[in-house]
Amino acid sequence: MAGGFTKSDIGGLLAKQGILIAFVIFMIGFTVANERFLAPENIMGVVRSSAILGVMALGVTFVVISGNLDLSVGSMMSFSTIVVLDLHDKIGPELAIPAMFAMTLCLGAFIGFLVGYLKLNSLIVTLGMLSAIHGLTLTYSGGKNMDIANKGETWFAVFGQGSFLGIPVPILIFGLLAALLGMVLGKTPFGRKVYAVGGNGVAATFSGIPRARVVFTCYLLSSLCVATAGLIQASRSMGSQNTVGQGLELEVLAAVILGGASLLGGSGTIFKTIIGVLILGFIQNGLLLVGLQFYAQYVVTWVIIILAVWLDIAAKRGRLLSPIA
Amino acid sequence: MQNETRTRLIKKGAIWGFILFELAFFSIAGSYLSLSESAFMDVDNMLLLLKQSAPIGIIALGMTIIMINGNIDLSVGATYALAAIVMLDSMTWPVFAGLGDWVIPVSWILALLTGVVLGAVNGLIVWKTGVDAFIVTLGSMLGYRGLVFMYNGEEPTSQLNWTLVDFAEAQFLGLHTATWFLLAVAIGLWFVMNRTVHGRNAYAIGDNREAAVNAGIRVGPHMMINFMLIGFLAALSAAVFYSESGSVNPNDGELFELWAITAVVLGGTKLTGGSGSIVSTLGGVIAIQLLRKGLGYIGAGTETVNLVIGLILIAVLFLDRQLNIKAKGELKV
């Protein structure tokens, strides 16, 4: 499980809450640098633009805690965006949305079957699926961009552009889904099984936990989140390229790792993942506000990811440098 | 024992069998489906295929030694782009204005040096912090790409030097320059992995790190050397390719890491480290390029290539597991 106390209390505190502390320091730093940073509209804007990444990260959190990886979420998100946009004009939004969810869930179920029941290596399987789903999307669309014909006459835009009680709908979806999945992971027997399978798969199997079914369900949840993200993306832009989600899989993974989930499985929470997503979003925004060029955020994100993971394991082993000779 | 030898033979021969199958399939299917007049197994076509395999191939060979060592490198695509920019841009630096065509080796050396330094940064972080190579290189993939964009914005960097283009397009004994580089790298790495202490230790570390440490092998320097090697090779691949094309976009090299890993896995190298072969990776690289070319030849679009390669990768993983279970009688967990 997460944490593990070390010799000093400070080390333990850093290990458990380091990411939260870093987050607070960042927020203070950016606020001092630019007073607009903490303005409500700015914060709302950041959370809103992080919502798509965030929704995907929720599902990947389950997969990572169960000890696996999912590199296919980016191309799967392109797939669901393209499909829902295409079907919108053909069968109407009421039918297009469930149809898209069903198709995306099928992809998730296929990956879950391969990794869960056939016990294949998740990195290679999802790497293969990254490529395969991209091919599927291109075959489906014929390589063309998808656009909704009558953008003014449909209520489809509500998921990406609407707002309810003053809160943008993407944030609402992100919040509700996070609360729901946070409950599932933290408060249900299924959630405990996910931690058990990721912490020690062999021990979990011998304790009678159906490892295959748990992993399968994690991938199903991941594809559910991806479909939701695709819906928000499609509704926000009302038109899309085939490569809209390209590269997102690694950003999502970065957010989850930044939140402190271990790639070895067995640790991480939904709350920490949300912090990871927000850190990425606020760094991007903050660096722009203090006047750095857009691409500097990549370099800063790099340094932060390494530092976050390094300090995490350094606190756990009680020394800064690794014992590797 | 005999059973084990047979399994190993099947595994080693599988990729070459697959290549033969591809050749036969595309030749036969092509004679019905292809619109082109020339045969698929045309000599020029095959020579071109080898040349086109070179950029990913050189990187994939480097990825093999990284994976044998038990690590992974996701930053090769960004390293490739950065080295390419350094090479093309340095040719226009005023410092080198008086050099004439001697600027070519200078800019090549600068590009290769860039690759080595970027690799060394990865290696040093993996060594000293103990953070998993997957996370370290995932981070530097973002970071190095950021440097690429900061260097020249979103504009392409272009510099055509005709002496260099002639060199890159030359054919010696029928093979293109890029093919020679691919073969030279393959032979060089084969030698390193099979005939030197470093190679033997790299296998040992990937197979069982704890045992290697107990045997007195210093894990860190070996990992570091391998990361510097793959950085060097990513830069070399860029230098060879962009000598001919002369223009690099900041997005170039994206997804190269995934293609390289696919080629390595097709060649039978294990993700967990400790086993794998340079020659089989060469087979994996050729198999992928054959598939691309062959599908194009029989009139299938580029989209099918992605689909087919993804599914083949999963199928290989499945077959490999079946073979392993039969060989070992693995405990079912």
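Is B:D132 buried, exposed or partly exposed, and how many other C-beta atoms lie within 10 Å? B:D132 is partly exposed, with 18 other C-beta atoms within that distance. The model is a predicted one.

**Where chain A touches chain B**

- The contact involves 43 residues of chain A and 44 residues of chain B.
- On the chain A side, the elements that give two or more residues are α5, α9 (201-206), α11 (248-258) and α13 (296-317).
- Helix α5(A) gives the largest share of that side, with 14 residues.
- By class, the chain A side has 31 nonpolar residues, 12 polar ones and no charged ones.

**Helix α5 of chain A**

- Helix α5(A) runs over residues 122-141, which is 20 residues.
- From first C-alpha to last, α5(A) reaches 28 Å. That is close to the 28 Å expected at 1.5 Å a residue.
- The helix is mostly covered, as 18 of its 20 residues are buried.
- A:G142 follows α5(A). The phi of A:G142 is positive, near 70 degrees.

- A:A255 sits in helix α11 of chain A.
- Setting aside neighbours within four places in sequence, A:A255 is in contact with A:L53, A:A57, A:T273, A:G276, A:V277 and A:L280.
- A:L118 is 137 residues from A:A255 in sequence. In space, the two are 28 Å apart, C-alpha to C-alpha.

**Helix packing in chain B: α2 with α11**

- Two packed helices are described by the angle between their axes and the distance between the axes.
- Helix α2(B) covers residues 43-68, and helix α11(B) covers residues 256-266.
- These helices pack at an angle of about 65 degrees, with their axes 8 Å apart.
- α2(B) and α11(B) are therefore roughly perpendicular to each other.
- Their crossing is right-handed.
- From α2(B), the residues that meet α11(B) are B:I56, B:I59, B:A60, B:M63, B:T64 and B:M67. From α11(B), the partners are B:F256, B:W259, B:A260, B:I261, B:A263 and B:V264.
- This contact has 11 nonpolar residues, one polar residue and no charged residues.

**Helix packing in chain B: α2 with α10**

- Helix α10(B) spans residues 219-245.
- The axes of α2(B) and α10(B) come within 8 Å and cross at roughly 175 degrees.
- α2(B) and α10(B) are therefore roughly antiparallel, since angles over 145 degrees count that way.
- The α2(B) residues in this contact include B:A54, B:P55, B:I58 and B:I59. Among the α10(B) residues they meet are B:N226, B:L229, B:I230 and B:L233.
- By class, the contact divides into 15 nonpolar, three polar and no charged residues.

**Helix packing in chain B: α11 with α12**

- Helix α12(B) covers residues 278-297.
- The axes of α11(B) and α12(B) come within 7 Å and cross at roughly 120 degrees.
- That angle makes α11(B) oblique to α12(B).
- The crossing is right-handed.
- B:T262, B:A263, B:V264 and B:L266 in α11(B) meet B:T281, B:G284, B:V285, B:A287 and B:I288 in α12(B).
- Six residues of this contact are nonpolar, three are polar and none is charged.

- A:M238 has a positive phi of about 60 degrees, although it is not a glycine.
- A:M238 lies in the loop between α10 (211-237) and β4 (239-240) of chain A.
- A:M238 counts as partly exposed, with 18 C-beta neighbours inside 10 Å.
- B:L173 is not a glycine either, and its phi is positive, near 55 degrees.
- B:L173 belongs to the loop between β2 (171-172) and β3 (175-176) of chain B.
- B:L173 is exposed, with 6 other C-beta atoms within 10 Å.

**Back to B:D132**

- B:D132 is placed in the loop between α4 (103-129) and α5 (133-152) of chain B.
- B:D132 and B:N71 are 61 residues apart along the chain. Their C-alpha atoms are separated by 8.0 Å.

Methods:
Residues are numbered from 1 along each chain as its sequence is written. Chains are lettered from A and ligands numbered from 1 in the order in which they are written. This is a predicted model: local features need pLDDT of at least 70, side-chain atom pairs count only at pLDDT 80 or more; totals for chains, interfaces and linings use all residues. Helices (H or I, at least four residues) and strands (E, at least two) are DSSP runs, numbered from the N terminus. The expected span of a helix is 1.5 Å times one less than its number of residues. A residue is buried if 20 or more other C-beta atoms lie within 10 Å of its own, exposed if 12 or fewer, and partly exposed in between; C-beta atoms are placed from the backbone. Two residues are in contact if their C-beta atoms, placed from the backbone, lie within 7 Å. Ala, Val, Leu, Ile, Met, Phe, Trp, Tyr, Cys and Pro count as nonpolar, Asp, Glu, Lys and Arg as charged, and the others, Gly among them, as polar. Axes are lines fitted to C-alpha atoms, for helices over the stretch in contact, and angles run from 0 to 180 degrees between N-to-C directions. Angles under 35 degrees count as roughly parallel, over 145 as roughly antiparallel, 65 to 115 as roughly perpendicular and the rest as oblique. A crossing is left-handed if the near helix is turned anticlockwise from the far one by less than a right angle, and right-handed if clockwise.
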